[in-house]
Amino acid sequence: MAAARERNESRQTSNSYNIPLTAIPRLSCTSPEANQLIKNSKPVILTDTNLVASALHWDLNYLASNIGDGKFTVYKSSSHKFKYYSDKKCQTVREFIPPMQQEEMSFQDFVNLLKQSKGEKKIYLQQALNDSVGPNIVTDFIKFNWKWVTDQQKTNKWGPLTSNLLLVGMEGNITPVHYDEQENFFAQIYGEKRFLLFHPDQYENLYPYPVYHPHDRQSQVELDSPDFDRFPNARNLQGYEGVVKPGDVLYIPMYWWHQVESLQNGGETISVNFWYMAGTPEKVTHPLTAQQKVAMTRNIEKMILQALSDPEEVPPFMRMLVVGRYT
Ligand SMILES: O=C(O)CCC(=O)C(=O)O
Ligand SMILES: [Fe+2]
């Protein structure tokens, strides 16, 4: 037992939660099952897409020497959690205190900060790749497997590619559970990340913040210490998990909840995602899918806010609408 614990301490480790988790399938991108999963908006880890094969030599030094001197958004957090918030929505909630700071800096300054800040402040670079990057990075980018990814976009009738977010994190960094309104091929380049995924039908178990809140699309439930008094359905949560290694691509379907963890003692991590707009649905059939219900809920919340104009009027209005009538 003690020996096992010791062995564990020197190895990459991941957090354990009291949540039933099923393994996300790991498949070849040539397998019919993999393509069926993507078509049906189910997550899958693809091991051989070569999507970012041309970037597998990227590490901190290579990026620092080649990425140019453009500015990158770097988040600073006093804990290992980096809970995203919308700058635009900060004014709508008076008592809101941002859980992390953001700063624009050169990649070189980010790497210097990384080397200094062993311990105290955690940092996480998250910046969409743009045309300020140097010529070697442009060459690697052009050699991404655009054929495969564009074939997927066409086959699944997604909208246009909106961005490629570059993420460079410290070991142990956590992006807490949230969903995005885009389709995502998440490509791992350096180090390993663990993903926890939850189907959109877990909405009532994950209690998202109101749409007007800066933490819109984020869950209010802390997976490592769920407050079951406030969020009793969190006891019913069930999900999926998988670890992505360099060269792997995870498909994160739109509206699927995800928490992302750079493994502890795993060193830094480098990833690039491929975000695509939703396709236009051909024909709506009933019953609606969980995804369609999330979209509908968002629209209704936005309408109510727009009509009332004051976010503080929304909670009592919602209670009046529902409590004792639909409960
Ligand atoms: O890798 C991360 O920390 C977060 C990535 C993410 O949430 C995304 O690509 O949608
Ligand atoms: Fe995300």
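**Salt bridges and a nonpolar patch**

Colleague: Which side chain meets D224 in a salt bridge?
Modeller: The model is predicted. In it, the pair is joined at 3.1 Å, N to O. The partner of D224 is K81.

Colleague: How many residues apart in sequence are the parts that this pair ties together?
Modeller: D224 sits in the loop between helix 7 (203-206) and strand 12. K81 sits in the loop between strand 4 and strand 5. The pair therefore ties together parts whose separation in sequence is 143 residues.

Colleague: Is D224 buried or exposed, or in between?
Modeller: Its relative accessible area is 42%. Buried needs under 20% and exposed needs over 50%, so a value in between is partly exposed. D224 is therefore partly exposed.

Colleague: Which residues do salt bridges with shared partners join into one network?
Modeller: Here the salt bridges share partners. The one network they make joins K89, E181, D216 and R298.

Colleague: How many salt bridges does the count come to?
Modeller: The rule asks for a side-chain nitrogen of Lys or Arg within 4 Å of a carboxyl oxygen of Asp or Glu. By this rule the count is 13.

Colleague: With which residue does D248 form a salt bridge?
Modeller: The closest N and O atoms are 2.9 Å apart. D248 lies in the loop between strand 12 (239-244) and strand 13 (249-252), and its partner lies in strand 2 (residues 26-27), 222 residues apart. That partner is R26.

Colleague: Which strand holds the K76 end of the salt bridge with E103?
Modeller: E103 and K76 form a salt bridge, with the closest N and O atoms 2.9 Å apart. E103 is in strand 5 (residues 101-105), 27 residues from its partner. K76 is in strand 4.

Colleague: What area does the nonpolar surface patch with L321 have?
Modeller: L321 belongs to helix 9 (residues 314-322). Patch residues need over 30% relative accessible area, and L321 is partly exposed at 33%. L321, V322, V323 and Y326 make a patch of about 380 Å².

Definitions and conventions:
Residues numbered from 1 in each chain as written. Chains lettered and ligands numbered in written order. Predicted model: local features only at pLDDT ≥ 70, side-chain atom pairs only at ≥ 80, totals over all residues. Heavy atoms only, no water. Patch = residues over 30% accessible without salt bridge, like charges linked within 9 Å, V, L, I, M, F, W, Y side chains within 5 Å. Areas by Shrake-Rupley, 256 points an atom, 1.4 Å probe, with all protein chains shown as cover. Helix = DSSP H or I, 4+ residues; strand = E, 2+ residues; numbered from the N terminus. Buried < 20%, exposed > 50% of the residue type's maximum accessible area, 1.4 Å probe, protein only.
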